[in-house]
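Have the sequence and the model open side by side for this walk through the chain.

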Amino acid sequence: MEALDYHAEERRKAEFNLDEMKIVWAGSRRNYELSDRVARLVASDPVFRKDNRTMLTRKDLFKDTLRKAAHAWKRIIDLRLSEEEANMLRSYVDQPAFTDLHWGMFIPAIKGQGTSEQHEKWLPMAYKMQIIGCYAQTELGHGSNVQGLETTATFDPQTDEFDLHSPTLTSSKWWPGGLGKVSTHAVVYARLITGGQDHGVHGFIVQLRGLDDHLPLPGITVGDIGMKFGSGAYNSMDNGLLRFDHVRIPRNQMLMRVSQVTREGKFVQSDVPRQLVYGTMVYVRQTIVSDASCALARAVCIATRYSAVRRQFGSQNGGPEIQVIDYKTQQSRLFPLLASAYAFRFVGEWLKWLYTDVTQRLQANDFSTLPEAHACTAGLKSMTTSVTADAIEECRKLCGGHGYLSNSGLPELFAVYIPTCTYEGDNVVLLLQVARFLMKTVSQLGSGKKPVGTTAYMGRAEHLMQCRCEVEMAQDWLKPSTILEAFEARAVRMSIACAKSLGKFSNPEDGFAELSPDLVEVAIAHCQLIVVSKFLEKLQQDIPGKGVKRQLEILCNVYALHLLHKHLGDFVATGCITPNQGALANEQLRLLYAQVRPNAIALVDAFNYTDHYLGSILGCYDGNVYQKLYQEAWKDPLNDTVVPDGYLEYLRPILKQHIRTARL
C-alpha cells in the first residue's frame, strides 16, 4: 500500500522546477548527487539511528558515539570514500564526536603550522587514525584573549626539550572537544619561554595517552568537564580539561613552520610570513557560515512543514480549520527565516571563492586583501551564527506546544548549535574587530588608498552621504539598485557617524570602549550589506530551471526588505529613506509573503534533507505528524510500565494519607 503524502497538495502548488532548485541549493549537480547518495547511505544504516539519543544516559550516549564513529570509519574504508565524501558522511551521521576535532582542527593545525618534516612524521598516522588528536587552546581563565593563555613551554637546552607546565588553576586547558576521553595527542598552545624570555603563544604536538593502554602519560591530568546544555545534543562530545605537571617533549614537537627554536635555544622567525596562519582562519570561518545555512535550513524545514499540517481556528460550517501557515503573523515570522537560509547559503558559496582567492594571493606574497578578508569572515561568522541560533528558537515557537517536544528535533538542534556563537571567536568580540577595521577604512578615505573587497562601496562615500532614495511606490522596492544603495548608504553613514564620535575622544581606545555598543551596530550594518549584495550578485548568474530564478528573486527581496523593516530606525535616522518609504517597503513585504506562500513547502524540499537527518516528527517528509507523535509517545521508557516505579514508596502513601507528620 502506497504511503500517504499529507503535503501532496502543497507540493502541487509549486511554481518552479524543484529538481533544479535542489541543484542551486547544493551548489552544483555533482554536489547534489554526491550529498544525496551519502545522506541516503547514512539514513538506511541502522547503526546510525538517533531517535533514542535524548533518552540515553551520558555514559550510554558517549558509548553510542564511539560505536557510530567506529562504524563510520569502517564504512569510509570499506567503500573507499574520498576525503570529501568521508566528511559528508560524518556530517550526516549528525552526532558531535571527537572525529570533528581530529579532522577539523588537529590535522589542519599541523598542515598549516607544521614544517614538511613534521608533516611527514605526523600526518600519515593522523590520516590513518593511528593517533587521534584535538586542539588544546582554550583555558579555564582565557578563551577569546589567546595572548592571555597561561600554560608555559620552557625550553631546556641541556636536554633539547620543552617543559610544559600548568602554573595556575586557570591555566588548565578547558573545553577542547575530543580531549576528555578519546584523544591520544593534542596540538597544545602555550607560552614559549627561552632563556627567561616570553615569546608569546605557540603550538606544540603533545602525546597525552598511551597508545596501548590509553592511560594518561606521567605528569598529565585529563578528564571530561561535565554535562552541557540540553539532553543528547553536544553531550556526545567529550569536552575536556587538561593539566601539565612539568611534562617534557622533544624540541622538534614545536610546530615550526612560522618560527623555530634552535638547538642552542635561540628563537628565530622563518621566511614564511606569519599571515599564512590567517588562511586557515578564513577556511574555518567559511565552513561555519556554510554550516549556519544548513542548521537554519533544518529548523525552517521543520517549522514550514508543520505549519502546513497544523490547522487552528476558522472552521466554516464544520469544514477544515485554517492552516497555520496561512496566518500572516506566521508568514511574517517564518518566511524571512526561509529567505535567510538561502541568503546564508549563497554568501557561504562566495566565501569558498574568497578562501581560494586569499590562498592564491598568500602564496604569491600578496597580503593586500588580507585585513579585509579577515574582517569580512569574522563579521559573517558572527552574524550568521547569531541569527541562526535565534532562528532555531523562533522556529520552535512557530511550532507551538509540540515544538517543545524532544522529538520535534528543535530543542536538540538548538542545544547543539548555540555553542557556535562562542567558539572560533565570541560573536560580540568578532563584531568589534570588524568595527575597528571599518573605522580604519573610514580614516583612510581621504588618503587616496582605495577600499577593497566588501568595503569597496566606501570609496563612493561622498555620493552615498548625499544620495536620496527615490522610492515612490511599493513596487519600487523591487529594484536591486534601489535596495543595494539603501544598504550601502546606511552602512557608510553609520560608519562615518561613529568615526566622528570617536574623533571627539583624546584617547582613541577610551572612545572605542565607550562607543562599543554603537560600533557593534555599525559592524552588523556592514555584514548585512555583504549578505544582501552577494544574494543580488547570485541573481546576476545564469540560473536554469522553470521559475527557479523568479523564486530566488522573491526570497532575496524578502530577505532585504525584512532587514530594512527590522532596522527601520537606522535607515530613517541616517536619512537614507523617509518614514513613508519605510511604510512602502513593509507594504511590498506583505505582497512578497503572498508570493512565497504557494511555494513554501517546495522551497524547503529543495534542501533535500532525509527524515533521518532532520530528526523531527513535525518535519517528516510525508506530513503524517499526529499518528507518528502518538506512536512515538509509547516508546518512552516511562511508558514501559503502567504503574510508575516509586508508586508504592512515594505516591501511595500520599494518596492513602499514610505520611506521618513530624512533631516539632
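Does Asn-365 count as buried or exposed? In this predicted model, Asn-365 counts as exposed, at 53% relative accessibility. The cut-off for exposed is over 50%. Asn-365 sits in the loop between H9 and helix H10 (370–398). Although Asn-365 is not a glycine, its phi is positive, about 60 degrees. Most residues other than glycine have a negative phi.

Asn-317 counts as exposed, with a relative accessibility of 84%.

From the loops, turn to the helices. Ser-290 is placed in helix H8, which spans residues 276–309. Ser-290 is buried, with a relative accessible area of 18%, and buried here means under 20%. Leaving aside residues up to four places away in sequence, Ser-290 touches Arg-345, Gly-348 and Lys-352.

Next comes a helix pair. Two packed helices are described by the angle between their axes and the distance between the axes. For H10 and helix H12 (residues 427–443), the angle is about 145 degrees and the axes are 8 Å apart. The crossing in which H10 passes H12 is left-handed. On the H10 side, the contact is made by residues including Pro-371, His-374, Ala-375, Ala-378, Lys-381 and Thr-385. On the H12 side, Leu-430, Leu-431, Val-434 and Phe-437 are among them. By class, the contact of H10 with H12 has seven nonpolar, seven polar and two charged residues.

The UniProt record, an unreviewed entry, places the feature "domain: Acyl-CoA oxidase C-alpha1" at residues 278–439. Over residues 278–439 the chain is 73% helix and 0% strand, and the end C-alpha atoms are 21 Å apart. Over residues 480–656 the figures are 70% helix and 0% strand, with 73 Å between the end C-alpha atoms.

A strand residue comes next. Tyr-189 is found in strand S5 (residues 185–194) and counts as buried, at 6% relative accessibility. Which residues does Tyr-189 touch, not counting residues up to four places away in sequence? Among them are Ala-109, Gln-113, Tyr-135, Gln-137, Leu-149, Lys-173, Val-201 and His-202. Tyr-189 and Gln-137 are 52 residues apart along the chain, but their C-alpha atoms are separated by 5.1 Å.

The cysteines close the tour. A disulfide is a covalent bond between the sulfur atoms of two cysteines. How many disulfides does the structure hold? The structure holds zero disulfides. Cys-467 is in no disulfide, and its nearest cysteine sulfur, that of Cys-576, is 6.9 Å away. The criterion for a disulfide is a pair of cysteine sulfur atoms within 2.5 Å. Cys-467 is buried, with a relative accessible area of 11%.

Notes: Residues numbered from 1 in each chain as written. Predicted model: local features only at pLDDT ≥ 70, side-chain atom pairs only at ≥ 80, totals over all residues. Heavy atoms only, no water. Helix = DSSP H or I, 4+ residues; strand = E, 2+ residues; numbered from the N terminus. Buried < 20%, exposed > 50% of the residue type's maximum accessible area, 1.4 Å probe, protein only. Contact = heavy atoms within 4.5 Å. Axes fitted to C-alpha atoms, helices over the stretch in contact; angles between N-to-C directions. Left-handed = near helix turned anticlockwise from the far one by under 90°. Nonpolar A, V, L, I, M, F, W, Y, C, P; charged D, E, K, R; others polar. UniProt positions renumbered as here; feature names shortened; annotations may be inferred.
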